[in-house]
Amino acid sequence: MPTMNLLQAINNALDIAMGEDDKVLCFGEDVGSFGGVFRATSHLQEKYGRARCFNTPLVEQGIIGFANGLAAQGSVPVAEIQFADYIFPAFDQIVNETAKFRYRSGDLFNVGGLTIRAPYGGGISGGHYHSQSPEAYFTHTPGLKIVVPRDPYQAKGLLLASIRDPDPVIFFEPKRLYRAAVGEVPEEDYQLPIGEAEVTKEGTDVTLVGWGAQMEVIERAVELAEKDGISCEVIDLRTLLPWDQDSVAESVFKTGRLVVTHEAPRTGGFAGEIAAAIQERCFLYLESPIARVTGLDTPFPLTLEKEYLPDHLKIVEAIRASVNF
Amino acid sequence: MTTTQDIHEPTFLAGDEFSIPTFRLLKQDGTLHEGAKAPDLEHDKALAIYRAMVATRVLDERMLAAQRQGRLSFYMQCTGEEAAVIGATAALDDADMIMAQYREQGALVYRGFTFDEFMNQLFGNELDYGKGRQMPIHYGSRKLHYMTISSPLATQIPQATGYAYGQKLAGEGHCTTVFFGEGAASEGDFHAALNMAAVHEVPVIFFCRNNGYAISTPSIEQFAADGVAPRAFGYRMHVIRVDGNDILAVYSAAREARRLAVEHNQPVLIEAMSYRLAAHSSSDDPSGYRSKKEEEAWREKDPILRMQRWLIDLGWWSEDEEKALQESLRREVLETMKRAEKRPPPPLDSLVTDVYADVPPELQRQLDALKTHIRHYPEAYPKGARSLDPDVQAGDDVAAKGGE
């Protein structure tokens, strides 16, 4: 099986999708002959031509508005927003248009073919505007699906599933792992399910839930916790909307403890939604309060990025506090 | 409402009716074009402009090298566009507002931002006015009327319209100049800004640095029209296209634009034609999307060399002075860099201040929890742990001036 980094896996998924279906188009800022600032779309223009893989003018609201139109027409646009931090000029198109297209027309029209790819997250000394995790702005919007892969294998399978999904998907890519995450990825076409979490490690004492780049951080925390004799169950949510409550609840029934972690600020972050839903379903099974390990309620910093981030040490402390409650 | 004559045939206009000329005064050899008249630019001011251009170039060269050595996380150069930025700035009153995109450090150099001030921001140390929160090159200076840089493109353009409207109401005779690239001009914010400025008769100068590229995207893939300038017609705004590598032309155009803005409350669009000689940023490698030959052709149009020749012809500058200036600037860059590198980062508490005017209780709780955590693992968070110890306080008289 070939080894790929996360970028190569994404490029490979786009290649398969474009090769299989002429209706699939990839576009965005610098996406054309240059192949994107991270090179996720490398060689796609050479292979499929300028009509199907191209640079757009520098206008995010235009990119997503254009993509909504294309999707409504029956094409399958895969639009890139260069950094998730720059998705906000397109917020109106995504929240008021993409998410409501099917509902408001009584299913006369839909933009289900649309996939929006955007690199997100910190840990790259990117400061306020190259580090944010804006997923919670979008999880508050019924009609969207939100998918976040944790590694190259997941990225390829989930991206292919997102492109073929009958609903619009925002696919947030953990850019810190673009080149850092390397793993075996099948050459052939495959899909991983949207809306299903994955238990990546079984355990009995405490459940850890995360997604994307945070899964690697959880892994490091779990190594430390297990040295203390704490058995951890780890769940990668993979899809944030609609999210797999059943898998998380089932795990918490067993462990009685839950730690949720994300890079985004705490207040209004998606961990809050998970905590609320799980206490509703698992109240009598809980042995300790559900813990959140998140960024602070501040803009994403630069010099003090390390202090801000929910790293493995903060997670292991939360695990210990949960178990010793 | 339109008030044009009626026609009774479907005759379309293709837009090619608009042909916008380019204003040039200075040739590359340092002499004036035939029929061109140099602006009224006195000796001292001309040299201040020139020194700022050279200082910007030297700063950029040295800081890119520092980035390559791993001393700095990120850098962006103004190289090739010094005349556009500094010529426009020199035409303003020093109290006029500047809202830049991110490649306009030359404006700050001209207005007297010191190398120490540059370095403190670049290294995000405790003296950085921005408190180490933004990536390198995101400068700001209240005392120099230079709005702190924000990475999202074009957001500053409608803000400039609003700022300048406020200046008009204040009636103190000031205007705002907003810089942006031809790529950013594709954003919706650009169009909103120009329309509102024209409707509300706002003293704002929209200064477009058309440098040919938005990262890898060439301007021919950015717009089908003849540059950005023709858009002014759509908003009924004064417009001029200028050779951005011609310091005299930029200065003249910007000075006249300022007169229109301040005396007549007329917004103006200036499109300066130039070339981004350097990479987009230290993270970019242009060899993937443009040729060395193309770059070389533009290197021959170097705006600094062009002004230098003009100054030498006037007898206002010499090669000896050039050499001395370059050497002293290089030395100053290295000295200030070493000073800034050694300074500690901003204190941990700066993580939570300025989110609001006052720190809310929940955020204070988050900070307290973070401090407890860092006390537990001080070695894992050296920057944060440092300021937990009350004995470690890097006192400095420059610090007391901060935030200006």
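Reader: How many bridges join strand β10 of chain A to strand β11 of chain A?

Author: In this predicted model, strand β10 covers residues 206-210 of chain A and strand β11 covers residues 232-236 of chain A, and the two run parallel. Within this pairing V206(A) stands opposite C232(A) in β11(A). The number of bridges that join the two strands is five.

Reader: Which strands stand at the edges of the open sheet of chain A, each with a single partner strand?

Author: The sheet is open and has five strands with mixed pairing, in the order β9-β11-β10-β13-β14 of chain A. A strand with a single partner has one side left without a neighbour in the sheet, so the strands in question are β9 (198-201) and β14 (291-295) of chain A.

Reader: At about how many degrees to β14(A) does helix α12 of chain A run?

Author: Neighbouring strands of this sheet are turned by 25 degrees against each other on average, direction ignored. Helix α10 (residues 270-282) of chain A packs on the sheet, touching β10, β13 and β14 of chain A. Helix α12 (residues 312-323) of chain A lies across β10, β11, β13 and β14 of chain A, and its angle to β14(A) is about 165 degrees.

Reader: Why is chain A described as being as compact as a globular protein of its length?

Author: Chain A has twelve helices and 14 strands. The globule rule gives 20 Å for 325 residues, and chain A comes close to this value, so it is as compact as a globular protein of that length, with a radius of gyration of 19 Å.

Notes: Residues numbered from 1 in each chain as written. Chains lettered and ligands numbered in written order. Predicted model: local features only at pLDDT ≥ 70, side-chain atom pairs only at ≥ 80, totals over all residues. Helix = DSSP H or I, 4+ residues; strand = E, 2+ residues; numbered from the N terminus. Rg over C-alpha atoms; globule rule 2.2 N^0.38 Å. Pairing = 2+ DSSP bridges. Axes fitted to C-alpha atoms, helices over the stretch in contact; angles between N-to-C directions. Contact = placed C-beta atoms within 7 Å.
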